[in-house]
Amino acid sequence: IKGLLNNEEHRKELRKKGRERAVREYDSKKIARKVGLLFEKLGQSSFRGAVEESADLIAEIDAAIAEGRLAEARGFIESYLEIHPLDLSTLVKYAEVCFKLSDYDSALDSLEKVLLFNKDIAGAVELKRKIESYVSM
């Protein structure tokens with residue numbers, strides 16, 4: 001990632017694609033703006049700015065989940081995981097959202113990644129069992 005950020009052409013392309021994706025995929029203009037800003041930060045001089053913006057994205061994820069906007073939360077989580085692909089707690093959260101959206105394959109795939117790195121992470125094993133039992137019914 002660091003090599004990509006040092007190349008101005010790559011940064012411009014990443015900013016452009018990020019803004020386009022945010023507008024295309026998110027219903028809420030406020031959320032689209034936040035995701036677009038995240039990609040703007042990523043394209044700026046330091047990765048640290050993107051990490052700080054990630055905290056705002058996590059807050060948006062939590063708010064969307066709390067308000068029952070699960071499809072929107074899923075999109076936010078996917079954007080976040082593009083930057084932090086090994087954030088295990090967010091992968092579990094993604095599995096929970098996918099499960100609630102009846103996307104059992106994505107939920108199980110996410111949990112497999114989590115359990116590959118940490119078999120003791122809170123709730124992952126239980127959620128996997130719950131999904132597997134639900135799917136086998």
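Predicted model: local features only at pLDDT ≥ 70, side-chain atom pairs only at ≥ 80, totals over all residues.
## Overall make-up

Of its 137 residues, 43% are buried. Among the contacts between residues at least 6 apart in sequence, 46% join residues that lie at least 24 apart.

## Helices α6 and α7

Helix α6, which covers residues 88-100, packs with α7 at an angle of about 160°, and their axes are 8 Å apart. Because angles over 145 degrees count as roughly antiparallel, α6 and α7 are described as roughly antiparallel to each other. Their crossing is left-handed.

On the α6 side, the contact is made by Leu88, Leu91, Val92, Tyr94, Ala95, Cys98 and Phe99, while α7 contributes Tyr104, Ser106, Ala107, Ser110, Leu111, Lys113, Val114 and Phe117. Sorted by class, the residues of this contact comprise 12 nonpolar, two polar and one charged.

## Helices α7 and α8

Helix α7 (residues 104-117) also packs with helix α8 (residues 124-135), here at an angle of about 150° and with the axes 10 Å apart. That angle makes α7 roughly antiparallel to α8. In passing α8, α7 makes a left-handed crossing.

From α7, the residues that make this contact are Tyr104, Ala107, Leu108, Leu111, Glu112, Val114 and Leu115, and from α8 they are Ala124, Val125, Leu127, Lys128, Ile131, Glu132, Tyr134 and Val135. The contact of α7 with α8 has 12 nonpolar and three charged residues, and no polar ones.

## The nonpolar core

The largest nonpolar core holds 27 residues, and those with the most contacts inside it are Leu111, Val114, Ala124 and Ile131. At least two residues of this core come from each of α4 (47-66), α5 (70-83), α6, α7 and α8, with α6 giving the largest share, eight residues. As a general background, nonpolar side chains tend to be buried together in soluble globular proteins.

When residues up to four places away in sequence are not counted, Leu111 touches Val92, Ala95, Ala124, Leu127, Lys128 and Ile131.

## Ala64 in helix α4

Ala64 lies in helix α4, and because its relative accessibility is 0%, Ala64 counts as buried. Leaving aside neighbours within four places in sequence, Ala64 is in contact with Arg69, Leu70, Ala73 and Phe76. Although Ala64 and Arg74 are 10 residues apart along the chain, their C-alpha atoms are separated by 9.0 Å.

## Ser102 in the loop between α6 and α7

Ser102 is placed in the loop between α6 and α7, where its backbone has a positive phi of about 65° although Ser102 is not a glycine. Most residues other than glycine have a negative phi. With a relative accessibility of 46%, Ser102 counts as partly exposed, because that class runs between the limit of under 20% for buried and the limit of over 50% for exposed.

Definitions and conventions. Residues numbered from 1 in each chain as written. Heavy atoms only, no water. Axes fitted to C-alpha atoms, helices over the stretch in contact; angles between N-to-C directions. Helix = DSSP H or I, 4+ residues; strand = E, 2+ residues; numbered from the N terminus. Parallel < 35°, antiparallel > 145°, perpendicular 65-115°, else oblique. Left-handed = near helix turned anticlockwise from the far one by under 90°. Contact = heavy atoms within 4.5 Å. Nonpolar A, V, L, I, M, F, W, Y, C, P; charged D, E, K, R; others polar. Core = buried A, V, L, I, M, F, W, Y, C linked by side-chain atoms within 4.5 Å. Buried < 20%, exposed > 50% of the residue type's maximum accessible area, 1.4 Å probe, protein only.
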